[in-house]
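Have a look first, then we'll get into it.

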Amino acid sequence: MAAYPPGGTYFDGKKSFTEVNIDASKGDAINTTEFLEAAEALTGLFDVLGGVAFGPVKSDIGGNIKKVRDRQLAAPVEGETLQDLVRNELKTKKHTATEGLVWLNRGLDFTAQSLRRNFDTPTEELAASFRDGYGKTLKQHHSFLVKPIFSAAMSATPYRKDFYAKLGDDQERVNKELNEWLKGLEKCVAILNTFLASKEAKW
């Protein structure tokens, strides 16, 4: 079954990172609700990549989305942006959501780097791109128990042509929309990488 509406692409009707409000006047503050909606939409891509093998990856990202959302629901005024959510949680001497955001962003960075490499390298299969993305992002943070689980997912990726076909019939449109989606994702990841590495995000 196709992962997109007839005549459309996988990205139709899904929250994109390009739609996430980023307030440059407030230090590139990222809207929490919109960001989490886009992150949830991203997890559907793992079903296209291979539901069983990528189950642990999807579950990991989903669990970290929940940690951030739980904090937002507990203190909505203090968590309208991701940066404020982190600052205000850390003031309470807790860091559940902050740590969740760190891991969520690592998972998003892994996805962004893997798909960007594959998009920019038309001759490369997904397995090679995802192994490269994993090596540059999550691998250094994973224990020896977790690494084999993620390595298995890399090996189980579909053939490149099959994956892109599942994203839509019109490959020109698929390429355009995937590129725009990746740009939005990469922008959010870059902002969060800088913020989460700063002193005010440490616990």
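**Helix packing, in questions**

Reader: Let's start with helix α4 (residues 96-120): what span does it reach from its first C-alpha to its last?

Author: Keep in mind that this is a predicted model. Helix α4 has 25 residues, and at 1.5 Å a residue the expected reach is 36 Å. The model comes close to that, with a first-to-last C-alpha distance of 36 Å.

Reader: And how many of the residues in α4 are buried?

Author: Buried here means under 20% relative accessible area. By that cut-off α4 is mostly covered, and the count out of its 25 residues is 18.

Reader: Which residues of α4 and helix α7 make the contact between them, and how do the two axes lie?

Author: The axes of α4 and α7 (residues 160-167) come within 12 Å and cross at roughly 105°. Angles of 65 to 115 degrees count as roughly perpendicular, so α4 and α7 are roughly perpendicular to each other. On the α4 side the contact uses L115, N118 and F119, and on the α7 side R160, F163 and Y164.

Reader: What's the make-up of that α4 with α7 contact by class?

Author: Sorting the contact residues of α4 and α7 by class gives 4 nonpolar, 1 polar and 1 charged.

Reader: Now helix α2 and helix α3: at roughly what angle do their axes cross, and which residues meet?

Author: V68, R71 and Q72 in α2 meet L82, L85, N88 and E89 in α3. By class that contact of α2 with α3 has 3 nonpolar, 2 polar and 2 charged residues. The pair is roughly perpendicular, therefore. The axes of α2 (residues 55-74) and α3 (residues 82-91) come within 11 Å, and the crossing angle is roughly 75°.

Reader: Zooming out, in what order do the elements of the chain run?

Author: The chain holds 8 helices and 2 strands. Reading from the N terminus on, the order is β-β-α-α-α-α-α-α-α-α.

Reader: Last one: what share of the contacts with a separation of 6 or more comes from residues 24 or more positions apart?

Author: For background, 46% of the 203 residues count as buried. Among contacts with a separation of 6 or more, the share from residues 24 or more positions apart is 69%.

Notes: Residues are numbered from 1 along each chain as its sequence is written. This is a predicted model: local features need pLDDT of at least 70, side-chain atom pairs count only at pLDDT 80 or more; totals for chains, interfaces and linings use all residues. Side-chain values use heavy atoms; hydrogens and water are left out. Axes are lines fitted to C-alpha atoms, for helices over the stretch in contact, and angles run from 0 to 180 degrees between N-to-C directions. Helices (H or I, at least four residues) and strands (E, at least two) are DSSP runs, numbered from the N terminus. Angles under 35 degrees count as roughly parallel, over 145 as roughly antiparallel, 65 to 115 as roughly perpendicular and the rest as oblique. Contact means heavy atoms within 4.5 Å. Ala, Val, Leu, Ile, Met, Phe, Trp, Tyr, Cys and Pro count as nonpolar, Asp, Glu, Lys and Arg as charged, and the others, Gly among them, as polar. The expected span of a helix is 1.5 Å times one less than its number of residues. Buried means under 20% relative accessible area, exposed over 50%, partly exposed in between (1.4 Å probe, protein chains only).
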